[in-house]
Structure formats: C-alpha cells, structure tokens
Amino acid sequence: MITLSRATLVGDELDSLVEICLSQPDYWRCSGDQDPESMSRATLEPMLREDAEADGCETVVARDGTGRAVGFAQLLLRHPTDGHPWIGLLLVDGRQGRQGYGRTIVTAIEDRFRAEGATAIRLGVLVVNPEAQQFWEALGYRRIDLRPDRAKGRPTRVMEKRL
Ligand SMILES: CC(C)(COP(=O)(O)OP(=O)(O)OC[C@H]1O[C@@H](n2cnc3c(N)ncnc32)[C@H](O)[C@@H]1OP(=O)(O)O)[C@@H](O)C(=O)NCCC(=O)NCCS
C-alpha cells in the first residue's frame, strides 16, 4: 500500500527526501541538475524547496504501509498552455528500485487527478534517460512530442496518458 501526502519539507521527511535524491546519482548525472560527486543536503534542500513552492506546483511524498518514504513526485497541477496536470519529476528510492513502487505511485497520482476531473496526464522525459522512457511506456504513456524542456532547453520527449 502506498499513500501520498503533500510534502512539508521539514524534519525527518526532509531527511528522507534528501536520502532518496542521494540514492539516484545516475539520474542527476544525466539530467545535470545536480553534481552527484558533490551534491549534499545543502545543495538539494533549496532545489526541493523551490520546486515544491513554485506557483501551481506541489510535491507529494509516497510512504509505504510502515510509513517509510519510498519516493516523491513533483506535480504541476495545471499546465499554463495545455491545461493538463504534469508530473515534473518522479524519484523512487534507488535502494528500492524495480519493486513496483514507481508504478504504484503513478497509479495513485492518476487516481487523484482523475477524481479531480483531469482527462490526461503529461510529463517530459529527457532523451538522455531511456530507462525512464521504458518505465513510462510500460505504464501506458505515449510519446506525443519532442521538444526542448522549459527549464534548460534539454531535448525532451513529451509523454501523455489519457485518463
Ligand atoms: C524510473 C523510476 C521512477 C522507476 O521506479 P521503479 O519503482 O524502479 O519502477 P517499477 O518497479 O514500478 O517498474 C514498473 C515497470 O517499469 C519498467 N521499468 C522500470 N524501470 C526500468 C528500467 N530501468 N529499464 C527498463 N524498464 C523499466 C518495467 O516494465 C517495470 O516492470 P517490471 O519490473 O515488472 O519489469 C525510478 O527508477 C527512478 O526514480 N529513476 C530515477 C529518476 C527518473 O528517471 N525519474 C523519471 C523521470 S521523470
């Protein structure tokens, strides 16, 4: 069982999110958003806070049945151009990979947005991250565009799933 709750970014929860980030050095290496050799709580906390507090955005923490944080997702609730919710980043604890947590978290996000009336979810996958591409395709997301991402102009595949 997985439950999602809005991130508070304080105390033990913040420690857990930092640990989850540190467990995925290959993601930061390929995205270029953090230097895996030098990233630390000091570099990760401001990034997490900025993403969670941006206008129209929300970070959700995924916890297993014991209450342990196993991943988190950054959500854009309504894209300014297409009106759909977007998943900005999904990060599962690298020590718990391929156990179905990613799929379960995405299902919970889809259920939430479906209940709120959304008709589709979109996201961007960096072209340099083919493993993530395979993950999203396994979950039924389809490529609808290839374009530079808004943050840094990196080649990005836009994926969509109709709800
Ligand atoms: C991508 C990510 C979220 C997947 O989480 P996960 O919990 O390991 O994935 P799941 O166990 O739920 O996998 C579900 C299915 O996706 C596919 N999949 C997952 N990881 C894959 C990989 N590395 N290569 C190929 N297919 C993969 C498989 O079909 C898998 O089913 P299976 O294990 O029964 O074969 C996780 O690896 C991660 O956090 N990566 C770093 C950050 C990232 O790239 N995020 C996505 C960009 S937005």
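# Briefing on a predicted structure with a ligand and a seven-stranded sheet

Helix H5 supplies the largest share of the shell around the ligand, namely five residues. The model described here is a predicted one. Its strands include seven that form an open sheet with mixed pairing, in the order E1-E2-E3-E4-E5-E7-E6.

**The shell around the ligand**

- The ligand is surrounded by 21 residues, and the closest of these are Gly102, Arg103, Glu131, Gln134 and Ala138.
- At least two residues of the shell come from each of E4, helix H4 (101–115), E5 and H5.
- Sorted by class, the shell around the ligand holds 11 nonpolar residues, seven polar residues and three charged residues.
- Helix H5, which spans residues 130–138, lies across strand E5 (120–126) and strand E7 (155–162), and its direction runs at about 160 degrees to that of E5.

**The hairpin of E6 and E7**

- Strands E6 and E7 are paired in the antiparallel sense over six bridges, and in this pairing Asp145 stands opposite Val158 in E7.
- The two strands form a hairpin with six residues between them, and in the turn Gly153 has a positive phi of about 70 degrees.
- Strand E6 lies largely in the open, because the number of buried residues among its seven is zero.

**The packing of H1 on H3**

- Helix H1 (residues 11–22) packs with H3 at an angle of about 110 degrees, and their axes are 10 Å apart.
- Because angles of 65 to 115 degrees count as roughly perpendicular, H1 and H3 are therefore roughly perpendicular to each other.
- On the H1 side the contact is made by Leu14, Leu17, Val18 and Cys21, and on the H3 side by Arg41, Leu44, Glu45 and Leu48.
- The residues of this contact between H1 and H3 comprise six that are nonpolar, two that are charged and none that are polar.

Notes: Residues numbered from 1 in each chain as written. Predicted model: local features only at pLDDT ≥ 70, side-chain atom pairs only at ≥ 80, totals over all residues. Pairing = 2+ DSSP bridges. Helix = DSSP H or I, 4+ residues; strand = E, 2+ residues; numbered from the N terminus. Contact = placed C-beta atoms within 7 Å. Axes fitted to C-alpha atoms, helices over the stretch in contact; angles between N-to-C directions. Near = placed C-beta within 6 Å. Nonpolar A, V, L, I, M, F, W, Y, C, P; charged D, E, K, R; others polar. Buried ≥ 20, exposed ≤ 12 C-beta atoms within 10 Å, placed from the backbone. Parallel < 35°, antiparallel > 145°, perpendicular 65-115°, else oblique.
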